[in-house]
Amino acid sequence: MPHVRVPTADFFTDVKATVYTEQLTLLDAAAFGCSDISELGLSLPGAEQSPDSVTFKHLSEWTVRTILAQSCPKRRVRIVSHFIDIAAILHQKRNVHLKVAILSALSRAPIERLQRT
């Protein structure tokens, strides 16, 4: 996966959640299209990661980085609520894979610790 810059709060929330879901779904479909049917079973230790698991990890890490990059708590709240909107639309589109990636990012320890601030 290519390195993606973390967007600023204003830019990130200016783009509609539906645009993010459409683009993320296209990326996810391409990753699943590259998967071999044998990868749907049990994963073997030491085996290469499938493209869909790379997409999951990349989206999850990008979500965390985007939230933590904001220094102002109000901006963080806007970013988190935008990610929740994106996850809700992914749920409506039945894209469980990416919805769970975002929700798992929101439940990671660094994000959970933000509740104290």
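This is a predicted model: local features need pLDDT of at least 70, side-chain atom pairs count only at pLDDT 80 or more; totals for chains, interfaces and linings use all residues.
Trainee: What makes up the secondary structure of the chain?

Mentor: The chain has 6 helices and 0 strands, where helices (H or I, at least four residues) and strands (E, at least two) are DSSP runs numbered from the N terminus. Read along the sequence, the pattern is therefore written α-α-α-α-α-α.

Trainee: Why is Ile-102 called buried?

Mentor: Buried means under 20% relative accessible area, exposed means over 50%, and partly exposed lies in between, with a 1.4 Å probe and protein chains only. Ile-102, which is found in helix H5 (residues 96–106), has a relative accessible area of 0%, so Ile-102 counts as buried. Across the 117 residues in the chain, buried residues make up 33%.

Trainee: Which residues does Ile-102 touch, not counting residues up to four places away in sequence?

Mentor: Contact means heavy atoms within 4.5 Å, and on that basis Ile-102 touches Leu-59, Thr-63, Phe-83, Ile-86, Ala-87 and Leu-90. Thr-63 is 39 residues from Ile-102 in sequence, yet their C-alpha atoms are 6.6 Å apart in space. For the chain, among contacts between residues at least 6 apart in sequence, 71% join residues at least 24 apart.

Trainee: Why is H4 called roughly antiparallel to H5?

Mentor: The axes of helix H4 (residues 73–92) and H5 come within 8 Å and cross at roughly 155 degrees. That makes H4 roughly antiparallel to H5, because angles over 145 degrees count as roughly antiparallel, under 35 as roughly parallel, 65 to 115 as roughly perpendicular and the rest as oblique. The axes are lines fitted to C-alpha atoms, for helices over the stretch in contact, and the angles run from 0 to 180 degrees between N-to-C directions.

Trainee: Which residues of H4 and H5 meet, and how many are nonpolar, polar or charged?

Mentor: Val-80, Phe-83, Ile-84, Ile-86, Ala-87, Leu-90 and His-91 in H4 meet Leu-98, Lys-99, Ile-102, Leu-103 and Leu-106 in H5. By class, this contact of H4 with H5 has 10 nonpolar, 1 polar and 1 charged residues, where Ala, Val, Leu, Ile, Met, Phe, Trp, Tyr, Cys and Pro count as nonpolar, Asp, Glu, Lys and Arg as charged, and the others, Gly among them, as polar.

Trainee: How do you know whether Ile-111 is buried or exposed?

Mentor: Ile-111 lies in helix H6 (residues 109–112), and at 8% relative accessibility Ile-111 falls under the limit and so counts as buried. Leaving aside its neighbours within four places in sequence, Ile-111 is in contact with Val-64, Ile-67, Leu-68, Ala-105 and Leu-106.

Trainee: What makes Arg-94 count as exposed, and what is its phi?

Mentor: Arg-94 lies in the loop between H4 and H5, and its relative accessibility of 75% is over the limit, so Arg-94 counts as exposed. Its phi is near 65 degrees, a positive value in a residue other than glycine. Most residues other than glycine have a negative phi.

Trainee: Why are Arg-78 and Thr-25 called partly exposed?

Mentor: Arg-78, found in helix H4, has a relative accessible area of 36%, and therefore counts as partly exposed. Thr-25, found in helix H2 (residues 17–33), has a value of 29%, so Thr-25 is also partly exposed. Thr-25 touches Leu-90, Asn-95 and Leu-98, not counting residues up to four places away in sequence, and the C-alpha atoms of Thr-25 and Leu-98, 73 residues apart along the chain, are separated by 7.8 Å.

Terms used:
Residues are numbered from 1 along each chain as its sequence is written. Side-chain values use heavy atoms; hydrogens and water are left out.
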